[in-house]
Amino acid sequence: MGRTFLVTGASSGIGEAVARRLAAEPGSRLILVARREDRLRALAEELPAPASWVATDLTEADAPERVAAHVEERGEGLHLLVNNAGASWRGRFGDAGWENVKRTMELNFDAVVRLTEALLPALRASAPSAIVNVASTAGRISRPGAGAYSASKYALIGWSDALHAEERESGVHVGLVMPGFIATEGFPAEELRARFWTRRLVSTPQKAAEAVVDAGLRGRAERYVPRPYGLVAVLRILAPGLVRRVISGGAGGAMTTATRPGE
Ligand SMILES: NC(=O)c1ccc[n+]([C@@H]2O[C@H](COP(=O)([O-])OP(=O)(O)OC[C@H]3O[C@@H](n4cnc5c(N)ncnc54)[C@H](OP(=O)(O)O)[C@@H]3O)[C@@H](O)[C@H]2O)c1
């Protein structure tokens with residue numbers, strides 16, 4: 001028997017932690033996806049469960065097809081798809097323009113939708129199975145300089161909610177994870193971690209991985225991590241004026257994310 005779990009963005013940060021956590025599940029088999037093959041190979045060799053990998057840029061036209069072919073070749077079905085790969089390129093719209101919105105949507109939204117489309121038949125055939133989409137608290141609240149990123153995560157959340165309802169009858173559970181600040185390569189949160197009063201706002205990839213397990217294997221519809229970040233979503237609805245004032249005051253403040261070198 002056993003179950004096959006596919007994790008995108010498994011070469012670092014939350015995705016790597018998710019792969020390590022899922023590999024500890026009895027009978028698990030892993031498929032790791034990202035661009036950096038050396039990292040995927042090293043992780044696959046280290047995991048306590050059988051693991052293979054597909055090194056691909058998920059924004060490439062043939063990426064979904066290549067990943068689906070790999071799943072098919074293994075012939076073990078697909079029981080969990082974790083759509084985690086993503087990035088943020090900071091920039092105010094007036095400076096970074098549509099180009100920045102476009103590249104962010106291509107990775108954080110379009111690539112997720114395309115990969116899910118390619119893998120849905122395998123997930124349905126392996127049901128009960130699940131999809132976890134790693135969105136963000138930024139998909140509930142938008143800050144200056146992160147409009148493109150928020151747009152991609154708002155879109156991902158909206159699409160996931162519909163898919164959750166649509167796939168219920170096929171036995172494919174669709175869960176959402178909304179991380180707040182998690183210290184990773186792509187989102188180092190250095191300024192927050194450097195200050196005593198803000199250090200506690202930053203959580204770990206391991207905590208995010210546990211939230212993915214809640215949403216993927218334990219049937220939760222959505223999980224914030226750290227959990228109190230869910231209050232942000234409530235406040236955004238109940239006190240939009242207050243939230244806007246706080247956010248505008250914080251423009252250019254401590255809540256920065258980094259652009260990965262070379263991107
Ligand atoms: N950390 C946070 O504070 C935070 C907060 C909210 C949401 N999130 C979300 O959590 C997810 C994981 O982020 P992270 O914090 O773990 O960042 P990370 O350490 O930078 O990991 C991002 C992963 O995505 C992969 N990736 C990036 N572009 C890709 C592409 N074009 N094709 C294939 N894979 C690609 C990267 O691998 P390669 O470079 O090898 O391709 C890497 O494995 C993202 O969706 C992010 O938006 C993070």
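Modeller: Let's start with a definition: two residues are in contact if their C-beta atoms, placed from the backbone, lie within 7 Å. Keep in mind that this model is predicted.

Colleague: Fine. Which elements do the buried residues of H4 pack against?

Modeller: They pack against E1, H3, E4, strand E5 (129-134), helix H5 (147-167) and strand E6 (172-179).

Colleague: How should I read the buried positions along such a helix?

Modeller: An α-helix has 3.6 residues a turn, so residues three or four places apart point the same way. In H4, the buried residues include Thr104, Leu107, Asn108, Ala111, Leu115, Leu119 and Leu123.

Colleague: Where is the kink in helix H4 centred?

Modeller: On Glu99; the helix spans residues 93-125 and the kink is about 50°.

Colleague: Now the sheet. What is the order of its strands?

Modeller: Seven strands form an open sheet, ordered E3-E2-E1-E4-E5-E6-E9, and their pairing is parallel. E3 (51-55) and E9 (222-225) are the edge strands; each has a single partner, so one side of each has no neighbour in the sheet. On average, neighbouring strands are turned by 15° against each other, ignoring direction.

Colleague: How many bridges join E1 to E4?

Modeller: Three, between residues 3-8 of E1 and residues 80-83 of E4, with the two strands running parallel. Leu6 stands opposite Leu81 in E4.

Colleague: And which strands does helix H2 lie across?

Modeller: H2 (residues 37-46) lies across E2 (28-34) and E3, at about 175° to E3. Helix H3 (residues 63-74) also packs on the sheet, where H3 touches E1, E2 and E3 and makes about 155° with the direction of E3.

Definitions and conventions:
Residues are numbered from 1 along each chain as its sequence is written. This is a predicted model: local features need pLDDT of at least 70, side-chain atom pairs count only at pLDDT 80 or more; totals for chains, interfaces and linings use all residues. Two strands pair if DSSP finds at least two bridges between them. Helices (H or I, at least four residues) and strands (E, at least two) are DSSP runs, numbered from the N terminus. Axes are lines fitted to C-alpha atoms, for helices over the stretch in contact, and angles run from 0 to 180 degrees between N-to-C directions. The bend at a residue is the angle between axes fitted to the seven residues ending there and the seven starting there. A residue is buried if 20 or more other C-beta atoms lie within 10 Å of its own, exposed if 12 or fewer, and partly exposed in between; C-beta atoms are placed from the backbone.
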